[in-house]
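Please look over the structure below before reading on.

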Amino acid sequence: MVEVAEIFRLHGPAYREKFGDRMLPSHRRAMQDIETCRTESLGGQVYFCKQCQAQRYSYHSCKNRHCPKCQNEQANDWLAEQQNLLLPCHHFLVTFTLPAELRALARSHQKLIYNLLFRASSAALQQLAQDPRFVGARLGMVGVLHTWTRQLLYHPHVHYIVTGGGLTDRGRWRSSRPAFLVPQEPLALIFRAKLRDALKKAGLCGQVNRRVWKKQWVVDCQPVGSAATAFKYLAPYIFRVAISNNRLRQLENGNITFAYKESATDQLKHCTLNAEEFIRRFLQHVLPPRFIKVRYYGLLSPAHRQLLLKARQLLSATISKLKSQVVKTTKPRALLSCPHCGGPLILLSPLAPRGRAP
């Protein structure tokens, strides 16, 4: 099976030699971590199977959030941690997309533009939701940043799970319609205006093509059901990396072929890139160090947990039923078993790391 780590080991040295003076430290670190993940470089443990008398070497993970091998089991853990945020109401998925004209600026000022994208989109949604013609209340929101398309192209956007209702200024719960939260076109206009104002304050508006402020921006809002369903839907988005190993099909003659689904037709297609272009596309989705890609707003903000409790009381909800729905989605960690016979493995000894250099 082809892996991103294998691509980096084979073609990473040539890429670093060619572009090393222009590479960000975070990109270098991501490549190094992925190359050494679950190898003897990071150390691990030796296990023994009494049933077939075989030894198994289990190496440590790199724990880099961009590594395809290190994100698989975290979605269930995150779901369990969100139990106290669940409200018994319908929810929506709202997606804000950064226009193509702003993407070059975002690439050059990633941390700033990503922060402004979060700030402008969350404020726009809360502002429109406060209009009594729609919800007339403060919503609860949790958002996650993504920067890629299925073909690894640069495409920054934020997905929000949003409560279908909220608290009014008088402390009462007010629900939205089950299939309608706010109108998309006015939401896009407010989002555009807020991001434009933020870029002006940051002194970056002069670097943007003025046509972007006259075009229609893309905001999508869709109902997604109950809290448990909505959070379960969002969890994979939070821990998804730019491309998973199971999408890689072939590595041959310096070319990588991977599978993707075309969004318009839902048909499975294949894309082939040379190694240099594949690595370039992958690395452009490495986030700035310590950047927070999951954020909470409104009723779900850590600063407003007393409002969340108030909302739950007004909805006359007991969280136990909601908790059980989430717990069922989590799976206990499996005991290590022998890959040859399936028997239980016994820990013999730890393995010392052999250095992190690829």
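What follows goes through a pocket, a hairpin, some backbone angles, the cysteines and the salt bridges.

The model is predicted, so local features need pLDDT of at least 70 and side-chain atom pairs count only at pLDDT 80 or more, while totals for chains, interfaces and linings use all residues. Residues are numbered from 1 along each chain as its sequence is written, and side-chain values use heavy atoms, with hydrogens and water left out.

Start with the empty space. Rolling a probe the size of a water molecule over the atoms shows where such space is left. On a 1 Å grid over the protein atoms alone, a pocket is an open set of points where a 1.4 Å probe fits, with protein on both sides within 12 Å along at least five of seven lines. Grid points are joined across faces, edges and corners, and the volume is the space filled by probe spheres set on the points. The largest pocket has a volume of about 1,100 Å³. How many residues line the largest pocket? The lining has 37 residues, and those nearest the centre are His-146, Trp-148, Arg-150, Tyr-237 and Arg-240. A lining residue is one with an atom within 4 Å of a point.

Helices and strands are named here from DSSP runs (helices: H or I, at least four residues; strands: E, at least two), numbered from the N terminus. Two or more lining residues of the largest pocket come from each of β3 (91–97), β4 (140–148), β5 (154–163), β8 (219–225), α7 (227–239) and β10 (255–261). The element that gives the most is α7, with 4 residues. By class, the lining of this pocket has 15 nonpolar, 15 polar and 7 charged residues. In this count Ala, Val, Leu, Ile, Met, Phe, Trp, Tyr, Cys and Pro are nonpolar, Asp, Glu, Lys and Arg are charged, and the others, Gly among them, are polar.

Next come the strands β1 and β2. Strand β1 (residues 44–49) and strand β2 (residues 54–59) run antiparallel and are joined by 6 bridges; two strands pair if DSSP finds at least two bridges between them. One of the bridge pairs is Cys-49 with Ala-54 in β2. The two strands form a hairpin with 4 residues between them, and Gln-53 in the turn has a positive phi of about 60°.

Most residues other than glycine have a negative phi. Leu-152 has a positive phi, near 70°, and sits in the loop between β4 and β5. Asn-253 also has a positive phi, near 55°, and sits in the loop between β9 (248–252) and β10. Is each residue buried or exposed? Buried means under 20% relative accessible area, exposed over 50%, and partly exposed in between, using a 1.4 Å probe and protein chains only. Leu-152 is buried because its relative accessibility is 0%, whereas Asn-253 is exposed, at 73%.

Now turn to the cysteines. A disulfide is a covalent bond between the sulfur atoms of two cysteines. Here it is counted when the two sulfur atoms are within 2.5 Å, and the structure holds 0 disulfides. The cysteine sulfur closest to that of Cys-62 is in Cys-70, 3.7 Å away, and therefore too far for a bond. Cys-67 is in no disulfide either, with the sulfur of Cys-62 as its nearest, 3.7 Å away. Cys-62 is buried, at 11% relative accessible area, and Cys-67 is buried at 1%.

Last are the charged pairs. Side chains of opposite charge can pair when their charged atoms come close. A salt bridge is a side-chain nitrogen of Lys or Arg within 4 Å of a carboxyl oxygen of Asp or Glu, and the structure holds 11 of them. One joins Glu-35 to Arg-16, at 3.0 Å from N to O. This pair links distant parts of the chain, with Glu-35 in helix α2 (residues 25–36) and Arg-16 in helix α1 (residues 4–19), 19 residues apart. Both Glu-35 and Arg-16 are buried.

Asp-33 and Arg-29 meet at 2.9 Å, N to O, and they are about one helical turn apart because 4 residues separate them in α2. Asp-33 is buried, at 4% relative accessibility, while Arg-29 is partly exposed, at 44%.

Helix α8 (residues 275–283) holds both Glu-277 and Arg-280, 3 residues apart, about one turn of the helix. Salt bridges that share partners join Glu-277, Arg-280 and Arg-281 into one network. In the bridge between Glu-277 and Arg-280, the closest N and O atoms are 2.8 Å apart.
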